[in-house]
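Please read this briefing alongside the sequence and the coordinates.

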Amino acid sequence: MFKFGFVSDQTQVKEGSLSGDGALRNLDWLPSKEILICDEKTVYNKQHDQNDVDVASVRLEKIIYIKPTSIIKRVKDEKLEIDENISTAEENHSDLIPSLYEGGLKVWECTYDIANYLERSQVSCASVLDLGCGVGLLGILALKLGADQVYFQDYNADVLKYATIPNLQLNAEPNQLTRCRFFSGDWESFAKLADFTCDLIVSSETIYNPDNYLKLHDTIQRLLKPSGTALVGAKSYYFGVGGSTRQFEKLVKERDVFDVEVVWRCSQGVQREILKLTVKDKST
């Protein structure tokens with residue numbers, strides 16, 4: 001059974017933020033902003049210690065990414081500033097502090113599901129948004145598969161600064177970096193800030209909180225081209241916070257903007273799925 005790990009200190013969760021059914025409500029979400037790759041904190045030495053990194057092997061590609069423990073150690077050793085909610089969560093082996101840290105340093109299972117589902121033909125020459133990107137594996141893979149432009153979005157700016165962008169620097173050629181942009185913050189404000197639309201949106205493990213379903217749906221609606229595709233990878237049910245693929249699928253059908261179908265499913269162990277969203281053709 002999969003269940004989220006939460007920080008045990010209840011002062012981290014605002015009073016009244018949990019509804020009677022366990023859903024998260026009345027939280028103050030961070031506004032969106034663009035993170036520039038030239039920020040000095042994003043630079044990571046390519047001559048890294050092998051103990052500092054892991055390697056993800058997907059679709060014949062190898063992607064190097066920095067371990068969360070190495071990120072926190074670097075921050076402490078170099079006396080760098082980082083959102084204390086991120087360091088608190090990692091030190092307490094927690095996945096989530098609602099509206100403060102949304103698990104961006106962890107590589108979630110469904111990231112590998114989407115990565116192995118993607119075909120080069122879906123990505124080559126496309127504009128791609130990695131929505132809720134975390135350490136950036138899907139966006140980096142898209143770049144390796146020939147995407148023209150890749151946008152990375154994660155809730156926490158310091159996840160982008162200390163993990164996503166350094167991971168990109170470890171895997172990409174310098175000329176590829178100019179084809180990437182990075183955004184932090186809540187989806188609602190991100191959708192208003194973004195000045196682009198995409199051919200493909202990939203989003204892994206982002207439907208654990210039912211209170212954010214409408215924001216996720218509307219962000220995809222705002223940023224997906226009419227001919228585009230969105231892939232949402234998720235566990236069938238998230239114990240502890242109440243989200244599920246069926247709930248999100250139900251909302252999508254009720255909004256009547258997208259056709260939605262399950263294009264991949266794993267029934268062994270923790271059940272996982274990939275939902276495919278495409279814009280409805282209402283011309284007929």
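The notes below go from the cores to the helix pairs and then to single residues.

This is a predicted model, in which local features need pLDDT of at least 70 and side-chain atom pairs count only at pLDDT 80 or more, while totals for chains, interfaces and linings use all residues. Residues are numbered from 1 along each chain as its sequence is written, and side-chain values use heavy atoms, with hydrogens and water left out. Helices (H or I, at least four residues) and strands (E, at least two) are DSSP runs numbered from the N terminus.

**Nonpolar cores**

- The largest nonpolar core has 50 residues, and those with the most contacts inside it are Leu118, Val123, Val128, Phe152, Leu168, Phe182 and Val202; a nonpolar core is a set of buried Ala, Val, Leu, Ile, Met, Phe, Trp, Tyr and Cys residues joined through side-chain atoms within 4.5 Å.
- Helix H6 (residues 157–171) supplies eight residues, the largest share of this core.
- Another core, of 31 residues, lies apart from the largest one and includes Phe183, Phe190, Phe258 and Leu277.
- When its neighbours within four places in sequence are left aside, Leu118 is in contact with Arg59, Val123, Leu141, Leu200, Val202 and Leu231, where contact means heavy atoms within 4.5 Å.

**Helices H3 and H5**

- The axes of helix H3 (residues 109–117) and helix H5 (residues 137–144) come within 10 Å and cross at roughly 15°; axes are lines fitted to C-alpha atoms, for helices over the stretch in contact, and angles run from 0 to 180 degrees between N-to-C directions.
- H3 is therefore roughly parallel to H5, given that angles under 35 degrees count as roughly parallel, over 145 as roughly antiparallel, 65 to 115 as roughly perpendicular and the rest as oblique.
- The crossing of H3 and H5 is right-handed; a crossing is right-handed if the near helix is turned clockwise from the far one by less than a right angle, and left-handed if anticlockwise.
- On the H3 side, Thr111, Tyr112, Ile114 and Ala115 meet Leu137, Leu138 and Leu141 of H5.
- By class, the contact of H3 with H5 has six nonpolar, one polar and no charged residues, with Ala, Val, Leu, Ile, Met, Phe, Trp, Tyr, Cys and Pro counted as nonpolar, Asp, Glu, Lys and Arg as charged, and the others, Gly among them, as polar.
- Seven of the eight residues of H5 are buried, so H5 is largely enclosed by the rest of the structure; buried means under 20% relative accessible area, exposed over 50%, and partly exposed in between (1.4 Å probe, protein chains only).
- The buried residues in H5 are Leu137, Leu138, Gly139, Ile140, Leu141, Ala142 and Leu143, and just after H5 Gly146 takes a positive phi of about 105°.

**Helices H9 and H10**

- The axes of helix H9 (residues 213–223) and helix H10 (residues 245–255) come within 10 Å and cross at roughly 55°, and H9 and H10 are therefore oblique to each other.
- The crossing of H9 and H10 is right-handed.
- Tyr213, Leu214, Leu216, His217 and Asp218 of H9 make the contact with Gln247, Phe248, Leu251, Val252 and Arg255 of H10.
- By class, the contact of H9 with H10 has six nonpolar, two polar and two charged residues.

- Most residues other than glycine have a negative phi.
- Leu60, which is not a glycine, has a positive phi of about 65°; Leu60 is found in the loop between strand E2 (53–58) and strand E3 (61–66) and is exposed, with a relative accessible area of 91%.
- Cys125, also not a glycine, has a positive phi of about 65°; Cys125 is found in the loop between helix H4 (120–123) and strand E4 (127–131), and counts as exposed at 56% relative accessibility.

**Buried polar and charged residues**

The contacts listed here leave aside neighbours within four places in sequence.

- Ser70 lies in helix H1 (residues 68–77), is buried with a relative accessible area of 12%, and is in contact with Asn51 and Asp52.
- Asp186, found in the loop between strand E6 (180–184) and helix H8 (187–193), counts as buried at 9% relative accessibility.
- Asp186 is in contact with Trp29, Leu30, Pro31, Ser32, Tyr155 and Lys215; Asp186 and Leu30 are 156 residues apart in sequence and 5.5 Å apart in space, C-alpha to C-alpha.
- Asn212 lies in the loop between strand E7 (198–204) and H9, counts as buried at 9% relative accessibility, and is in contact with Trp29 and Trp187.
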